[in-house]
Amino acid sequence: MALANRSDEVTMQPLNSHKQPVKVSVRWAILPVVAAILSACGGGSAPESTTLNAAAATTTVALEVSAAELPIEAASDVAQPTFHLAPVLLAEPGDVDVLNSNASANQQPQVQSISAALDAVQTRGLTVQTIQDSQRMRALSAAGAEGMAKPLAASTAISTYTPAQIRAAYGLPALPVVSSASAIKTLTAAQAAQLGAGQTIYIVNAMHNPNVAAELSAFNQKFGLPSCAVKTVAVGTALPLAAAAVADGCTLNTVYSTPSGAISANAPAYNAGWATEIALDVQWAHATAPLARIVLIEAPDASSNSLLNAVKLANAMGPGVVSMSFGGAEGNWTASVDGTFAATGMSYLAATGDSGAAVSWPAVSPNVLAVGGTSLSYSGSGARAEVAWARTGGGVSAFTPTPAYQAVKIVPGAVALARRSVADVAFNADPSTGQFVAVMAPGASVVSWVSAGGTSLSTPQWAGLVAIANGLRAQTGKAKLGLTQSALYGQIGAVPGSYAAAFADITKGSHGSCASCTARAGYDQLTGLGTPNVSALLTALSGASTTTAAPVAAPKLQAPVITTTPLTGLAGKPLSGSFSVADPAGYAMSVSITGVPAGMKLSLSGTTVTISWASPATGKYTLNVTAQSSAGLASQATLPVTINAK
């Protein structure tokens, strides 16, 4: 039997970690072409270089390429965590809250000085290790040539708040003493609901934090918060999960996700930045809703595709609130994945970013509550004062139409928005007015305390508030909120009295030099509707009617795009070139190619197929490429190759 007539099924291993292996039927004589084209279309990968034999020169290759989870140009985009740390390790917080979780509520925040030299350190994505390195460098530079100490540089001060102080500043109810699951039974149904009992908060992040449980335990012990039972969601666990039980109190459930959104037995790799993000997300979601079930989903990498599939895993696990403290660039593809944020019984929240005036995904999705940031001032008594944080993200989308809840007649201040605008709401986010977070290095038993901020910090706290609102709604038989914006804008923001009671309207501060970059009365892109006056907000949300996410329009159909450039070379001299095959909307494709001459090699980088021919033969050749999407649209292109005699 001739080799060209043999068929088999093989698995193509992915070049990029966010893509799954794909099984295709191929003819062994033309396997190199299949691998290269499959990789170019987002479904697998080719070897580093693949030699094509003469038998394949005029053979047609046919294969089915799975639809991309995200359009090809976006699937491998890397999202960034949106946390900031003040550039100093804090003195350990006092023990005033250990036996009474409300003891520090009426005290001023802890204040610590930072030298001017450290004050210049970039706070975005700062980790304990980099803070320690910066402090060591400053200590070395502070010594004179003869070892004499130099005068200390001028310093600035940062304020750091405890959970009790944040609860007092924003009007959350004081915490009853709940040190164990048995103590939960002494709470009334209303008290338990105000602590998030029976509700689930999903925290979606990338990479792995091996110390998340130990860090949370240290945080809870220091601030007198309820402890959390620790569980791991194993491979084969039936989904959806059983509903969270009020009597269970807090549980911390860790789930490892595969790139495709399945449950994995293997923890992702450790990354100090993402581990810090995980620590602050878990600790402050818990500080806000101390009896809620927390499900931490760790995606294997920070690609948009893996993170989106981790959100899909949360959807499969059952109703709850999804907190996403990460972001990447928006694009014209974002509408194609909005359906991921529209599952029944789910609310989705995302950080707006920490680079000033800018729009990021997934916060820009109309189905996601976009959370911005402020700088908080609270002395332990009286009303809090806030201005918009200078680094908070926010702006008007370049692609997403204005959602119905942001129509001019609904938005406070009657602001006409050209397209979807973020933020929707805000919370404290300035690391200089930060909040305590416990961080541990891998394998360490010593806790470092940092002052954390960023819209990363705002988001899990708002997620906790939504979870509490769902708990209160359950007391009266109401459904979960789902798309929260409908209630926040239409039933609260559009009613002057309700708006003034439920929100502190932030009217000072700026995050850029654009015309809309300054906070104003009513809605603005820095802080949205404002920050919560929690008691009044929860009262309003507990009685609000619900609205499901609007139907998501299908992506605009476009034929696959094949881009080719004619190649010309000399016989016997190396030739190189490239072409690409991609579907703009990420649909599945059938791809065929004919006319590949013997000796030509193809390799993949991104969506580009690179062609190389070490010793071409004189003649004229034509590569014929056909691509047909599963939406029924097809494209054809030719790539002429001319090899002249020497």
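User: Leaving aside neighbours within four places in sequence, which residues is Met440 in contact with?

Analyst: Contact means heavy atoms within 4.5 Å. By that rule, Met440 touches Asn211, Ala214, Glu215, Ser445, Val446 and Val447. Keep in mind that this is a predicted model: local features need pLDDT of at least 70, side-chain atom pairs count only at pLDDT 80 or more, and totals for chains, interfaces and linings use all residues. Residues are numbered from 1 along each chain as its sequence is written, and side-chain values use heavy atoms, with hydrogens and water left out.

User: Where does Met440 lie? Is Met440 buried or exposed?

Analyst: Start with the terms. Helices (H or I, at least four residues) and strands (E, at least two) are DSSP runs, numbered from the N terminus. Buried means under 20% relative accessible area, exposed means over 50%, and partly exposed is in between (1.4 Å probe, protein chains only). Met440 sits in the loop between strand E23 (433–439) and strand E24 (448–453). Its relative accessible area is 10%, so Met440 is buried. Met440 and Ala275 are 165 residues apart in sequence, yet their C-alpha atoms are 9.3 Å apart.

User: What is the place of Val337?

Analyst: Val337 is in the loop between strand E15 (326–329) and strand E16 (346–351). Val337 has a relative accessible area of 4%, so it is buried. Its C-alpha atom is 9.3 Å from that of Pro71, 266 residues away along the chain.

User: How many helices and strands does the chain have, and what share of residues is buried?

Analyst: There are 14 helices and 34 strands. The chain has 646 residues, and 54% of them count as buried. Take contacts between residues at least 6 apart in sequence: 76% join residues at least 24 apart.

User: How many aromatic pairs are there?

Analyst: Rings of Phe, Tyr and Trp (its six-membered ring) pair if their centres lie within 6.5 Å; planes under 30 degrees apart count as stacked, over 60 as edge-to-face and the rest as tilted. This structure holds 14 aromatic pairs. Take Phe219 and Phe223: their ring centres are 5.1 Å apart and their planes are at 70°, so the pair is edge-to-face. Both residues lie in helix H8 (residues 212–223), 4 residues apart, about one turn of the helix. Phe219 and Phe223 are both buried.

User: What describes two packed helices?

Analyst: The angle between their axes and the distance between the axes. Axes are lines fitted to C-alpha atoms, for helices over the stretch in contact, and angles run from 0 to 180 degrees between N-to-C directions. Helix H11 (residues 455–475) and helix H14 (residues 534–543) pack at about 50°, with axes 8 Å apart. That makes H11 oblique to H14. Angles under 35 degrees count as roughly parallel, over 145 as roughly antiparallel, 65 to 115 as roughly perpendicular and the rest as oblique.

User: Which residues of H11 and H14 make the contact?

Analyst: H11 gives Trp462, Leu465, Ile468, Ala469, Leu472 and Arg473. H14 gives Val534, Leu537, Leu538, Leu541, Ser542 and Gly543. These residues divide into 9 nonpolar, 2 polar and 1 charged. Ala, Val, Leu, Ile, Met, Phe, Trp, Tyr, Cys and Pro count as nonpolar, Asp, Glu, Lys and Arg as charged, and the others, Gly among them, as polar.
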